Amino acid sequence: MKVGVVTFPGSLDDVDARRAVTIGGNEAVALWHGDDDLKGVDAVVLPGGFSYGDYLRCGAISRFAPVMTAVVEAAGKGLPVLGICNGFQILCESHLLPGALIRNDHRKFVCRDQRLRIERVDTPWTSAYAAGAEVTIVLKNGEGGFVADEATLDMLEGEGRVVARYLDDNPNGSLRDIAGISNERGNVVGLMPHPEHAVEDLTGPGTDGLGFFTSLAEKAFA
Amino acid sequence: MATVVVDVMPKPEILDPQGKAVLGALPRLGFDLVTDVRQGKRFELQVDGEITDAVLAEIEQVAGTLLSNPVIEDFEVHVEKHSVAEVAHEAGRA
């Protein structure tokens, strides 16, 4: 499958994400924030970083980039979209996902190997995992606290839309230990930790993140 | 030219780590009166011509779509009596 990775001004992990897409058995296609053309890709990754310097709010300005109009429209038709870290923030600002991400409750930037439980595995991004799989991938954020009102949190839990949850310590004050969520259909997934940094043994804590990039291929060949 | 001010504040139920950091610094400086701090943002928007209901309605839209995130923030719009430029001009003449 062709997987587009969007570069915004201030994206940091776009190259790593493209690399992870390739290692996961898919073709990586570079997409540009100023284009409204998705180049015929089968899926899109919004990578981590500090798009537009995190000015105003994380993801608030990226949401209005020309490429996002195309992404929002295609996501509505079922295009798989994965937002990682800053990408997750952009998905929330775009209203493709509910809730918002605020500054870590302890106010410090956190960078560590984080244990997670993968809870929703019927999405195009997580189908390679067994339900309840416990994985370790890199987490690095300053504004990763997931918040939403109680009704929204109950809805996410009730509909099984919590994709990943923090194990051991909650690193950023996210409500109900939520590390990632999906839209109702499951094609749009937002995740605060970085699976693209855990796809090779040489770097990172292991290869537990690879599933996010092989799931698409498995789906294509199923 | 008029100035319209948009104040954006984190909703009361949303944790405000920045406000907490400011609050934590106050006792160290010997300020003991303040019991809570919430930190928000103030936007000053310059608008040509008169401020009509239509202009204010558009500013409300600006505030609701870009300047604030309704999930975590509230906003208030008000028209500044004197623009910043006018105040600076007055101060210069005084």
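**Group meeting: a two-chain predicted model**

Two strands count as paired if DSSP finds at least two bridges between them. Strands here are DSSP runs of E, at least two residues long; helices are runs of H or I, at least four; both are numbered from the N terminus.

A word on the source. This is a predicted model, where local features need pLDDT of at least 70, side-chain atom pairs count only at pLDDT 80 or more, and totals for chains, interfaces and linings use all residues. Residues are numbered from 1 along each chain as its sequence is written, while chains are lettered from A and ligands numbered from 1 in the order in which they are written.

Now chain A as a whole. It has 5 helices and 11 strands. Its radius of gyration is 15 Å, close to the 17 Å that the globule rule gives for 222 residues, so chain A is as compact as a globular protein of that length. That radius is taken over C-alpha atoms, and the rule is 2.2 Å times the number of residues to the power 0.38. The C-alpha atoms fill a box of roughly 40 × 35 × 35 Å along the principal axes.

How much of chain A is buried? Of its 222 residues, 56%. Buried means 20 or more other C-beta atoms within 10 Å of the residue's own; exposed means 12 or fewer; partly exposed lies in between; C-beta atoms are placed from the backbone.

Back to the sheet. Strands β4 (residues 81-84) and β11 (residues 188-191) of chain A run parallel, joined by 4 bridges. In that pair, G83(A) has G190(A) as its bridge partner.

Next, the helices. Axes are lines fitted to C-alpha atoms, for helices over the stretch in contact, and angles run from 0 to 180 degrees between N-to-C directions.

Which residues of α2 (residues 66-76) of chain A are buried? They are V67(A), M68(A), A70(A), V71(A) and A75(A). Down the axis of α2(A), they fall within an arc of 160°, so they line one face of the helix. The arc is that of the directions from the helix axis to the C-beta atoms. These residues pack against β1, β2, β3, β4 and β11 of chain A. Just after α2(A), G78(A) takes a positive phi of about 110°.

On to chain B. Its 3 strands form an open, antiparallel sheet in the order β2-β1-β3. The edge strands are β2 (41-47) and β3 (73-79) of chain B. Strand β1 (residues 2-10) of chain B joins β3(B) through 7 bridges. P10(B) stands opposite E73(B). Helix α2 (residues 53-67) of chain B lies across β1, β2 and β3, at about 155° to β3(B).

Last, the contact between the chains. It takes 13 residues from chain A and 9 from chain B. Contact means C-beta atoms, placed from the backbone, within 7 Å. On the chain B side, helix α1 (residues 17-25) gives the largest share, 3 residues.

Key. Contact = placed C-beta atoms within 7 Å.
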